[in-house]
Amino acid sequence: MTLDTDLRHMRAALSLAGRGLGRTWPNPAVGCVLVRDGAVIGRGWTQPGGRPHAETEALARARDSGAGPDGATAYVTLEPCNHYGKTPPCALALVEARVARVVVACQDPDPRVAGGGLARLRDAGIAVTTGVCEAEALALNEGFFSRIQHGRPLITLKLASTLDGRIATRSGESQWITGPTARAWGHRLRASHDAIMVGIGTALADDPELTCRLPGLDDRSPVRVVVDSRLRLPPTARLATGARQVPTWVVTGDAPDGARAAALAALGVEVIPVATDGAGRVDPQAAAAALAARGLTRVLVEGGAALAGSLLGAGLVDRLEWFRAASLIGGDGLPAVAGFGVESLSAMARFERIGVRPAGADLAESYRRLRPGPSA
């Protein structure tokens, strides 16, 4: 097959993989397309909860259609797994299906795979091509790679502000700075993340639900996480009373009040104690590690300013999704980000803009964190 053909089918597989974002953790979101004689005979993507995997889904659909996968080419966005878990390895499934060729976008860094899936395919005499749409595949599953390689999820900070970076007036009024299109896009972001995280200040001030309320996506509400150093979330909060419908976790200090913890746990809230800093506040690195340990790969942070500053100061914000309204509040309004100790320009958190688009009357900007390179 030509490179153009490989690119076309791999991009289709990446589009399928994207359907699973926010639903497959702790597993990656993978897509697979089976092609024989120029025709697509099977498609699959990782199912909710991480199983079945994309390859077995595509193989099953090919067989159900009456087109067996013998001699087909499989386009897979991530190296097929090579270990036994709740299901047999996907690399073995492809071997047993007698596919002739496997095209893989990128290698899986999971130590249980890490090249073993490719080796199994090659050992079985299957032609293997790697690196097709690799950059796109790495970006798609950046959260999974972060959890495996760095022990923390990908963290995206979502902000909705005025042009001068204010998220509320000095009296605290904030609804609504941006318009309905921007708010709908914010809900769509929720649907593609494993969890939404807010600080206790936002939870107390707004009493939010933090669910996805777009038509057709109401079943895509992710885990709700509150960073609450002193366990102040009241049992009457909507996040607490709805914890049995939508999972709710509270990340708190390492010595939480027993009665408060028990009251929240009785409602279905999971209380997660982690280490604190010298001021008794939840250590952001410890919080990120605790979320990764529970399988989260993608976390969307929605407020407030103190939590945003804490995460930026710790170097934990990987992406920004910034919605800007064409309005101004002035210096006495609440800033989008609290101070995080920047005393020189060299210490700024730096990002590169990767997308700009209109969101109704507002502007939506996407950024990726610029990491410092090696010293000269």
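Predicted model: local features only at pLDDT ≥ 70, side-chain atom pairs only at ≥ 80, totals over all residues.

Author: Let's start with Arg61, which counts as partly exposed at 33% relative accessibility.

Arg61 has a partner: its side chain meets that of Glu57 in a salt bridge, with N and O 3.2 Å apart. Glu57 counts as buried, at 15% relative accessibility. Both belong to helix α2 (residues 54-64), and because they are 4 residues apart there, about one helical turn separates them.

Take Asp110 and Arg112, whose closest N and O atoms are 2.8 Å apart. Asp110 is buried, with a relative accessible area of 5%, while Arg112 is exposed at 51%.

Now try Arg319 and Glu142, a salt bridge with its closest N and O atoms 2.5 Å apart. Here Arg319 sits in strand β13 (residues 319-324) and Glu142 in helix α6 (residues 142-150), so this pair ties together parts that lie 177 residues apart in sequence. Arg319 is buried, with a relative accessible area of 15%, and Glu142 is partly exposed at 24%. There's a network too: salt bridges link Asp207, Glu209 and Arg238.

Strand β13 takes us to the sheet. It is an open one of 9 strands, running β11-β10-β9-β8-β12-β6-β13-β16-β15, with mixed pairing. At the edges stand β11 (270-273) and β15 (351-359); each has a single partner strand, so one side of each is left without a neighbour in the sheet. Ignoring direction, neighbouring strands here are turned by 20° against each other on average.

Look at the β15 end to begin with. β15 and β16 (residues 362-369) run antiparallel and are joined by 8 bridges. Within that pairing, Arg357 has Ala364 of β16 as its bridge partner. Helix α12 (residues 305-313) packs on the sheet and touches β6 (154-161), β8 (195-199), β9 (223-227), β12 (298-303), β15 and β16. The direction of α12 makes about 110° with that of β8.

With β9 it runs parallel, joined by 4 bridges, and Val226 stands opposite Val250 of β10. With β11 it pairs in the parallel sense, again over 4 bridges, and Trp249 has Glu270 of β11 as its bridge partner. To get from β10 to β11, the chain crosses through helix α10 (residues 258-266), and this β-α-β crossover is right-handed.

Key:
Residues numbered from 1 in each chain as written. Heavy atoms only, no water. Pairing = 2+ DSSP bridges. Helix = DSSP H or I, 4+ residues; strand = E, 2+ residues; numbered from the N terminus. Axes fitted to C-alpha atoms, helices over the stretch in contact; angles between N-to-C directions. Contact = heavy atoms within 4.5 Å. Salt bridge = Lys/Arg side-chain N within 4 Å of Asp/Glu carboxyl O. Buried < 20%, exposed > 50% of the residue type's maximum accessible area, 1.4 Å probe, protein only. Right-handed = clockwise from strand over helix to strand, strands pointing away.
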